[in-house]
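Here is a briefing for a reader new to this structure. Look over the sequence and the model before reading on.

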Amino acid sequence: MNEKQDTINAEEMAKRLNTTSSNIRKWCIELEKHGYEFIKDNRKKRYYSVTDQSLLSNLKYAIQEKKLSLEIAAMTVIKGFDRNRSSSGTQEEHLKKEENNRELSLTQEHNNHRTDAVLNTMKNQFEQQQSVNNKLIEMLDHYKAAFEESENRRRSEQEHMNKQLKELEERLAVRISKQISNRDKEMMEYIRSSQKQQQEQYLEIAATQQNEEEQKKGFFARLLGK
């Protein structure tokens, strides 16, 4: 395991930089993509030196303060690190640092311009979507009004139909009542007529029987009188 006495682990580095171990791990992976190497043990666990801390601190500043993307920030700090490592501390180093700062400024300006373009695009898309939403709301209001009008018309027609059905039921009830009354009246007249006919028949029969009896009495009277 290639460790040094002055290295620290990811948790301690996160505390020193006031960030999370997850961010430290993510930043290291991006730096390694651009050729930077960290001290690791046989389990691939990273250990960090003072130089690593300085590099990670610059990366954090570029991301959080300068608002650079992780990839661009990593490329920028790696270039600055390479320049600082190869410089001799002379005027050339000072010029390279200024160049690095200019690159950071240009990169930030480029990112700001790209961010503004993205924001403008998102704004236009939002306004277009808002316009579509407003049209949809208008259509929904129109359909709602049409539906309510149709529902009111249907309700009115239903009430009118119910009224007509009720009137028809009342007329039918009156007609049926009259028919029943007429039928009962006819039935009573028929019964009275039948009773009258029966009475007349009984009277005729009784008269016939009485006439027959009188004829019989007259016959016997004549017979006995001789």
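Is E151 buried, partly exposed or exposed? E151 counts as partly exposed, because its relative accessibility is 23%. On this scale buried means under 20% relative accessible area, exposed means over 50%, and partly exposed lies in between (1.4 Å probe, protein chains only).

This is a predicted model, in which local features need pLDDT of at least 70, side-chain atom pairs count only at pLDDT 80 or more, and totals for chains, interfaces and linings use all residues. Residues are numbered from 1 along each chain as its sequence is written, and side-chain values use heavy atoms, with hydrogens and water left out.

**Nonpolar core**

- The largest nonpolar core has 23 residues. A nonpolar core is a set of buried Ala, Val, Leu, Ile, Met, Phe, Trp, Tyr and Cys residues joined through side-chain atoms within 4.5 Å.
- I24, L31, Y48, L56 and L59 have the most contacts inside this core.
- Four helices each supply at least two of its residues: α1 (10-16), α2 (21-33), α3 (50-64) and α4 (70-86). Helices (H or I, at least four residues) and strands (E, at least two) are DSSP runs, numbered from the N terminus.
- Y48 touches a list of residues that includes D6, T7, I8, N9 and A10, leaving out those up to four places away in sequence. Contact means heavy atoms within 4.5 Å.
- Also touched by Y48 are M13, I24, C28, F38 and L56.

- T7 lies in the segment before α1.
- T7 counts as buried because its relative accessibility is 15%.
- Leaving aside neighbours within four places in sequence, T7 is in contact with I39, Y47, Y48 and S49.

**Aromatic pairs**

- The structure holds three aromatic pairs. Rings of Phe, Tyr and Trp (its six-membered ring) pair if their centres lie within 6.5 Å; planes under 30 degrees apart count as stacked, over 60 as edge-to-face and the rest as tilted.
- Y36 and F38 form an edge-to-face pair, at 4.8 Å centre to centre and with 70° between the planes.
- Both Y36 and F38 are buried.
- The Y36 and F81 pair links distant parts of the chain, 45 residues apart. Y36 is in the loop between α2 and β1 (39-40), and F81 is in helix α4.
- Y36 has 10% relative accessibility, so this residue counts as buried.
- F81 is buried too, with a relative accessible area of 15%.
- Ring pairs link Y36, F38, Y48 and F81 into a cluster.

**More on Y36**

- Not counting residues up to four places away in sequence, Y36 touches L31, T51, D52, L55, I78 and F81.
- Y36 and D82 are 46 residues apart along the chain, and their C-alpha atoms are separated by 9.7 Å.

**Salt bridges**

- The count comes to seven salt bridges. A salt bridge is a side-chain nitrogen of Lys or Arg within 4 Å of a carboxyl oxygen of Asp or Glu.
- E12 forms one with R16, and the closest N and O atoms are 3.6 Å apart.
- E12 and R16 both lie in helix α1, four residues apart, which is about one turn of the helix.
- E12 is partly exposed at 31% relative accessibility, and R16 is partly exposed at 45% relative accessible area.
- E32 and K40 meet through their side chains in a salt bridge (3.3 Å, N to O).
- E32 is partly exposed, with a relative accessible area of 24%; K40 counts as partly exposed at 30% relative accessibility.
- A network of salt bridges links E32, K40 and R46.
- E151 from the opening question meets R154 in a salt bridge (2.7 Å, N to O).
- R154 and E151 are separated by about one helical turn because they are three residues apart in helix α5.
- R154 counts as partly exposed at 42% relative accessibility.

**Surface patch**

- M161, L165, L168, L172, I176 and I180 form a nonpolar patch on the surface. Patches are made of residues with over 30% relative accessible area and no salt bridge: like charges are joined within 9 Å, nonpolar side chains (Val, Leu, Ile, Met, Phe, Trp, Tyr) within 5 Å.
- Together these patch residues have about 510 Å² of accessible area, by the Shrake-Rupley method with a 1.4 Å probe; for residues, only the protein chains shown count as cover.
- M161 has its place in helix α5 (residues 91-225).
- M161 is partly exposed, with a relative accessible area of 46%.
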